[in-house]
Amino acid sequence: MDAKRDPYSTWISETMLQQTRVDTVLGHYARWMQSFPTVFLLAAAPEQIVLSHWQGLGYYARARNLHQAAQIIVQEHGGKFPPEHKRLTALPGIGPYTAGAILSLAFHQPEPALDGNLIRVFSRLQNWEGLPQESAHWKSLYWNLATRFAEQSPPNLINEALMEFGALVCTPKKPDCAHCPIGDHCQALRLDLVHLRPPLRKTRAPLDVRGNILILHYQDKLLVERGTTGLLAKQWRLPMGSTAEDLIRALELNLSDIRKCGLVKHSITHHRMQLQVVFAKTQSDVLPPDPDENFQRQWIPLDRWQETLVNSLAAKAIRKWS
Ligand code: SF4
């Protein structure tokens, strides 16, 4: 990761690292900073270009929030990050952790930045059997301890050291307790409970989704759609439906050469999808009627589909057909 700690690069890297592994983020971060080296260039970029730089990181709402927040920073703050917790957390997508990271790492303010590394370290050091997301009680215990650390000087190095300690020594699976510099203070080590700390998070059971995804051609064009709700909301995507018949009927078009091209598997949040790829042609570029006012459809050039369809589900379906 970039050693330079300015507010913009800190914001981008910390946002990418939420729910995504470091090795996945590295290449994306380098490409992003090459295309959008400043908040001004990010704010001025078309949304579709911004989303295309996010492809492979998942949770596209993060990219949309970065884009919207960049526009607000440029329009309302003259391109400068407001160095205050309240004004930072008022921006789209910036929560207490990201605000704390920007304020402590880039502005050197004594602000806590409680990430997954710190939660793991604190749970073991204190032998805490709860997690901050479980209740207000646990939340305040963790954040208060993070604040006590951040109030030591210098806060940027304290927070960075804690994150690195969690990533390199007090690791999730095999913490190096034998060489731990703070092992004498670790309650979980003293009680031989390191393997139970932090406690397991209660996860939502995966939801199996079966359905169909349509690749519809008109000459050298491809039909795409965008809605405001459901999976892949606000993103251009290939049409999807529970059965091929329903999907085709809903378009109200005369289709030919209909054929099945195979199955694709894809996961979005806790949805585990298995979709049949269906190919079809139409002889008219009339757009099907939109089911409601928040829904859009358009024909895009087939040879430039990657400029519009930035989700990896579309890429899997198109690979299956081509
Ligand atoms: S002793 Fe082990 S579990 Fe405790 S803080 Fe050190 S590395 Fe983590």
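Guide: Start with the second largest pocket. Domain 1 (1-109) and domain 3 (207-321) both contribute to its lining, so the second largest pocket lies between them. Those domain bounds come from an automatic or database assignment. The model is predicted: local features need pLDDT of at least 70, side-chain atom pairs need 80 or more, and totals for chains, interfaces and linings use all residues. Numbering runs from 1 along each chain as its sequence is written, and side-chain values use heavy atoms, without hydrogens or water.

The second largest pocket holds about 550 Å³ of space. Its lining counts 26 residues; Gly-58, Tyr-59, Tyr-60, Gln-235 and Ile-268 are the closest to the centre. (A pocket is an open set of points on a 1 Å grid over the protein atoms alone, where a 1.4 Å probe fits, with protein on both sides within 12 Å along at least five of seven lines; lining residues have an atom within 4 Å of a point.)

Now the elements. Helix H5 (61-77), strand E4 (255-268) and helix H13 (312-321) each supply at least two lining residues. H5 gives the most, with four. (Helices, H or I of at least four residues, and strands, E of at least two, are DSSP runs.)

By class, this lining has nine nonpolar, 13 polar and four charged residues. Gly counts as polar here.

For contrast, take the largest pocket. Its volume is about 2000 Å³. Among its 46 lining residues, Leu-17, Asp-115, Gly-116, Asn-117 and Arg-120 are the closest to the centre. H10 gives the largest share of that lining, six residues. Domain 1 and domain 2 (116-202) both contribute, so the largest pocket lies between them.

Definitions and conventions:
Points joined across faces, edges and corners; volume = space filled by probe spheres on them.
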